[in-house]
Amino acid sequence: MAKRKPEEEQPAAASDSRDQMTRTGTHHVCLLAVLGLVVAVCVAPLTAEVSSSGSPHHKHQVLKMDEASLTVYNELDSEVLVSWMSERCYQCLYQQLGVVPAGSSPGQPGSVDFVVGTQHAVTLKINSTQELCRFPFHFGEHGNYSLWVKSDSKVVNCSMVTQADPVNSYIPILVAFLVFAGLALVSAIGKIILRLDAVRALLFRVAGTMETERLINSELGSPGRTGTPVTDNILPPPPSPSKRLRSLDTFRGISLVIMVFVNYGGGRYWFFRHESWNGLTVADLVFPWFVFIMGTSTALSINALLRAGSTRCSLLRKVAWRSMQLFIIGVFIINPNYCQGPLTWDNLRIPGVLQRLACSYLVVASLDLLVARGHLDILTTDAWWSPGLDVLLYWPAWLCVLLLEILWLCLTFLLPVPGCPTGYLGPGGIGDMGLYANCTGGAAGFLDRWLLGESHIYQTPSSRVIYATRMPYDPEGVLGSINSILMAFLGLQGVVSAALTKCSTDRGFIPVNKNLWSLSYVTTLACFAYVLLVLVYYTVDVKRWWSGAPFYYPGMNSILVYVGHEVFEEYFPFRWRMANSQSHAEHLTQNLVATSCWVFISYVLYKKKIFWKI
């Protein structure tokens, strides 16, 4: 563990004590907010139980999360085949739900009970000797539905009837949001109260009385010790305030807290999980943001160290050593294959989140060291071309990144992949009408399997959920690392994203895709990250409307929080045996409590001035 002093300025005289107590009070308000969340969010399961009590389940089915009951009644004189396709599945084959027999007699239709998913809307198709009907429908969780297939004057009609209303599975999120909003309101009111002159004077008097008693007790408890004038206890002059931007650590903390929450399960809601293939969810935002802020922090720190007199060779050694540590921690400490038992070379996953960060950091920091200027203050900033200084002065680094991107484009769209079309960007499986079932990820998947071996990459990619893929595929693979380097190097590139995607999910030249770390995904997320960073910088560092708490604390200890949440994921209080493992409310409560625990741990470490640096 390495210790470093927080960025807050230390008081130098008694006249600054009131400001110090105000800051302390603000930290206490934030701490109470975090602790209050752990208790208050436990209301969510109770609320969910009340909301679900009026919706009985189907008598023949025991439903789990994100499931509903569907009974298909067939009044035709021939059996029918019921098929379905998720509307999130692009150009997919229909999947068989089941066969419903013909009615035994008039007025006695054949029927079969099915369990259907509720996360996304689906399209149902009814076939006999030919297609009878097709229609979209979005089932609700724990709802009870009946689908009637009837014949009226030789015309087949299909109608859906809701027998029992579904539960509102989003009530726990609403409760959690209200709890957060309430805590934020209490924190804001607390800050206003602490800024009142009367309150600050009272705190100053109380603190002064306590300090006097401490000094008296200290003297009385040391017999034989001569008295010491109070003037001898004056603190040494404080160090100059740090120029470290709180907004960077706050932004990093926001990304990290969301990452911890979605890694712990995100309440088992689909939008807190990674998108199956093309598109974006909340879970797809945070890792690129982390890469983005890593690049921003690297540029600032390297320039500051060069101005302080550090040599480029010494900094390059530090960069290489830090990258190696990140890679080793990712491979041997938080490898996901530990869930399959002790690691062996046969099942060791080589790529990963920290490994991707290590590679990106090594390349971007090395490029920055080669071209960074130690004294930019000598350059004019009044000329019309001054906003382009970053490009003009760092053109060799931009050229290297451009060459890397050309390499990604050539490998992605020109590399021949056996049994697959050149330039394929699809998920394989049942996507693209099942024509390329074993082509998951195209060139990216092929390169990983060729360079690393199938047993050394991720075995259960998110594309299995909707596209039923069978091939191993690693979202942190080799080819995607090129674009993660670009992510750490980019700023605002929204126009590029719109052109590449045609402002659509699946129909663009290069769709937004987290699994591939596609060019459009990187430029889109860089745009989002830039806008968010500007907002955080303006509110935290410019106007100082917000201290950055509570996100600032995990942002100051990001490596410790990330590694810790992975290593201790299955331990109490981060996880416990649930009373109802099929309850969104209980999963959400558990995941929010676990995330809040890490925020609290980072707060304690911050107050103890303990920071893990590598």
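A surface patch here is made of residues with over 30% relative accessible area and no salt bridge, with like charges joined within 9 Å and nonpolar side chains (Val, Leu, Ile, Met, Phe, Trp, Tyr) within 5 Å. The model is predicted, so local features need pLDDT of at least 70 and side-chain atom pairs count only at pLDDT 80 or more, while totals for chains, interfaces and linings use all residues. Residues are numbered from 1 along each chain as its sequence is written, and side-chain values use heavy atoms, with hydrogens and water left out.

**Nonpolar patch**

- W321, M324, I328, F332, I333, Y338, V567, F568 and Y571 make up a nonpolar surface patch with about 930 Å² of accessible area together (Shrake-Rupley method, 1.4 Å probe; for residues, only the protein chains shown count as cover).
- Helix α7 (residues 312-332) gives the most to this patch, with 4 residues; helices (H or I, at least four residues) and strands (E, at least two) are DSSP runs numbered from the N terminus.
- V567, a member of the patch, lies in helix α17 (residues 558-567) and is partly exposed at a relative accessible area of 35% (buried means under 20%, exposed over 50%, partly exposed in between; 1.4 Å probe, protein chains only).

**Helix α17**

- Because 8 of the 10 residues of α17 are buried, the helix is largely enclosed by the rest of the structure.
- The buried residues are S558, I559, L560, V561, Y562, V563, G564 and H565.
- Their cover includes α5, α6, α7, α8 (353-371), α16 (552-556) and α18 (584-607).

**Salt bridges**

- The structure holds 8 salt bridges, each a side-chain nitrogen of Lys or Arg within 4 Å of a carboxyl oxygen of Asp or Glu.
- E131 pairs with R134, with the closest N and O atoms 2.7 Å apart; E131 is partly exposed at 38% relative accessible area, and R134 is partly exposed at 45%.
- E570 and R575 meet at 3.3 Å, N to O; E570 is exposed at 55% relative accessibility, whereas R575 is buried at 18%.
- K514 and E476 form a salt bridge at 3.1 Å, N to O. K514 lies in the loop between α14 (494-501) and α15 (519-542) and E476 in the loop between α12 (463-467) and α13 (478-487), so the pair ties together parts that are 38 residues apart in sequence.

**S276**

- S276 sits in the loop between α5 (246-263) and α6 (286-307) and is buried at 4% relative accessibility.
- Its side chain reaches the backbone nitrogen of I466 at 3.5 Å.
- Leaving aside neighbours within four places in sequence, S276 is in contact (heavy atoms within 4.5 Å) with S462, S463, V465, I466, Y467 and N515.

**Aromatic rings**

- Rings of Phe, Tyr and Trp (its six-membered ring) pair if their centres lie within 6.5 Å; planes under 30 degrees apart count as stacked, over 60 as edge-to-face and the rest as tilted. The count comes to 28 aromatic pairs.
- Y73 and W148 are stacked, 4.2 Å centre to centre with 15° between the planes. This pair links strand β1 (residues 67-74), which holds Y73, to strand β7 (residues 144-152), which holds W148, across 75 residues.
- Y73 is partly exposed at 23% relative accessibility, and W148 is partly exposed at 22%.
- F251 and W289 are tilted, 6.1 Å centre to centre with 50° between the planes. F251 in helix α5 and W289 in helix α6 are 38 residues apart.
- F251 is buried at 0% relative accessibility, and W289 is buried at 9%.
- Y170, F261, Y269, W270, F271 and F272 form one aromatic cluster.

Terms used: Polar contact = N/O pair within 3.5 Å; in protein donor to acceptor, adjacent residues only side chain to side chain.
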